[in-house]
Amino acid sequence: MNGRIAVIGTGYVGLVTGTCFADLGNHVVCMDIDEGKVERLKQGKSPIYEPGLEEMLQRNLRAGRLEFTTSYEDALQQAEFVFIAVGTPESPNGSADMRYVASAAKSIGQIAPGRAVEPLRIINKSTVPIGSGDQVSEWVGSVSRPDFKFAVVSNPEFLREGQAVFDFLHPDRIILGSEERAAAESVKELYEALDTPVMITDLRTAEMIKYASNAILATYISFANEIAFICEELGADVKEVVQGMGYDKRINAQFLNAGVGFGGSCFPKDVKALAHMAENGNARPQLLHAVLEINLEARRRFVAKVIKLLGGEVAGKRIGVLGLSFKPDTDDMRESPSIDIVEALIEKGAEVAAYDPIAMEAARKELPEAVHYCRDAYEVARGADALLLITAWNEFKQLDMEKVRDLMRNCVLVDGRNVYDPKEISDLGFTYVGVGRPPKDGRTSA
């Protein structure tokens, strides 16, 4: 099915959704209130780093299937489907801030032209609290004409930053929730070219599937880190532990990666929001709170290792940091572990030099001004008393480690993602410490 689609919001979700739907042959108008962003998008320049996105954006602009505007009127004029993909940032109490969703819903109700036959399908693509579909319906209905026909559908996104284009075009499943089956079926037709399982539920169940999915993935990470903490105290190797667990068909070890914890725009915010909803509903989200606390503990333990390895004092020491974004293949610094780690080290008097292949510009807005940004990993290593790997970019896996060693003042490597082989690195003369991994040559581990 080729439809006429409006997308409200051009952040990660909105821009990827709109561009990919255009690439599937639909006519898409993406709307955003940020005039500068819209002008850049009209020129084919993506405001975010996402592999493959800018090329797809430019291709569909040239084909005339993709447009950008700051006008609700232009976006909604001929739309059959409207995707709400605006931000739902974290409120001070941990709940999702719905002000942008409310504004979009009310604007749709006020501005969308009348529907003679088919209702306008309004699709929640943003991650929104359970019950938001009902709320959107109320917001639209409160400002629209009595004869305005519309239906609300929940269609949560499951896009990984750095792989969002691939994930949109090769999804594990499509989740659609609505109280009007016909509306959900019509949205299903937009995805028919993707040949993937489609599950249709009620609104609240679809909304819950999104939160529950992110919560379990965050739980995997925190579980792996808690096992890593125990391994460090008892002398076991968490990587081999996870490998051994993975032979059990009931356990998917793919996501059990110990390290410095999760970050980004989804896991921290969504786990907090789900915990907030649970508490408001008189449930006891004990596991969710533990997941968040273990995530913070992973960062604190990492900093403690660095301090111990440097003799209990980092003041005046030069510490090199490899990787700043919360994960590889993105420039997103939101909730990145690097923020807490770098801030803690600078507060204790360390001199921090850092490099990230993509996220340096974004990092300057989040990290203390004292951070020195370098051209590459080798400049980070020059004169360093310790080198910290925080983001597992591929280029860090291919470094000339002998050159790195020779550039450093003290050969201390703290691997926050367990990228390197402990024995190989130790044999080169490094004091190596990973997460949940014992030393392989008798060296003292932190």
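This is a predicted model: local features need pLDDT of at least 70, side-chain atom pairs count only at pLDDT 80 or more; totals for chains, interfaces and linings use all residues.

User: Which residue forms a salt bridge with Asp 23, and how far apart are the closest N and O atoms?

Analyst: As a general idea, side chains of opposite charge can pair when their charged atoms come close. Here the partner of Asp 23 is Arg 59, and the closest N and O atoms are 3.0 Å apart. Because Asp 23 belongs to helix 1 (residues 12-23) and Arg 59 to helix 3 (residues 53-63), the pair ties together parts that are 36 residues apart in sequence. Arg 59 also counts as partly exposed, its relative accessibility being 37%.

User: Where in the chain do Lys 272 and Glu 90 lie?

Analyst: Lys 272 sits in helix 11 (residues 267-280), whereas Glu 90 is found in the loop between strand 4 (81-84) and helix 5 (99-111), so that the pair links distant parts of the chain, 182 residues apart. Their side chains meet in a salt bridge with an N to O distance of 3.4 Å.

User: By how much of a helical turn are Glu 185 and Arg 181 separated?

Analyst: Glu 185 and Arg 181 stand 4 residues apart in helix 8 (residues 181-190), and they are therefore separated by about one helical turn. The side chains of Glu 185 and Arg 181 meet in a salt bridge at 3.1 Å, N to O, and Glu 185 counts as partly exposed at 27% relative accessibility. Salt bridges can also share partners, and in this way Glu 232, Glu 233, Arg 301 and Lys 305 are joined into one network. The count of salt bridges comes to 26.

User: In what order do the 6 strands of the open sheet run?

Analyst: In general, the strands of a sheet pair through backbone hydrogen bonds, either parallel or antiparallel. In this model the 6 strands follow the order 11-10-9-12-13-14, with parallel pairing, and form an open sheet. Its edge strands, strand 11 (372-373) and strand 14 (431-433), each pair on one side only. Strand 12 (residues 386-389) and strand 13 (residues 412-415) are joined in the parallel sense over 3 bridges, with Asp 415 in strand 13 as the bridge partner of Leu 389. Helix 13 (residues 337-347) packs on the sheet and touches strand 9, strand 10 (351-355) and strand 12, its direction making about 155° with that of strand 10. Helix 12 (residues 286-309) lies across strand 9 (318-322), strand 12, strand 13 and strand 14, and runs at about 170° to strand 13.

User: Is Thr 391 buried or exposed?

Analyst: Thr 391 has a relative accessibility of 1%, so it counts as buried. Thr 391 lies in the loop between strand 12 and helix 16 (394-397), and beyond its neighbours within four places in sequence, its contacts include Leu 322, Gly 323, Asp 356 and Phe 396.

User: What is the volume of the second largest pocket, and how many residues line it?

Analyst: Rolling a probe the size of a water molecule over the atoms shows where empty space is left. The second largest pocket has a volume of about 1400 Å³ and a lining of 50 residues, with Gly 11, Tyr 12, Lys 37, Ile 48 and Arg 334 nearest its centre. Helix 1, helix 5, helix 11 and helix 14 (360-364) are the elements that give two or more residues to this lining, and the largest share, 4 residues, comes from helix 1.

Methods:
Residues are numbered from 1 along each chain as its sequence is written. Side-chain values use heavy atoms; hydrogens and water are left out. Two strands pair if DSSP finds at least two bridges between them. Contact means heavy atoms within 4.5 Å. Axes are lines fitted to C-alpha atoms, for helices over the stretch in contact, and angles run from 0 to 180 degrees between N-to-C directions. A salt bridge is a side-chain nitrogen of Lys or Arg within 4 Å of a carboxyl oxygen of Asp or Glu. Buried means under 20% relative accessible area, exposed over 50%, partly exposed in between (1.4 Å probe, protein chains only). On a 1 Å grid over the protein atoms alone, a cavity is a set of points where a 1.4 Å probe fits but cannot get out, and a pocket is an open set with protein on both sides within 12 Å along at least five of seven lines; lining residues have an atom within 4 Å of a point. Grid points are joined across faces, edges and corners, and a volume is the space filled by probe spheres set on the points.
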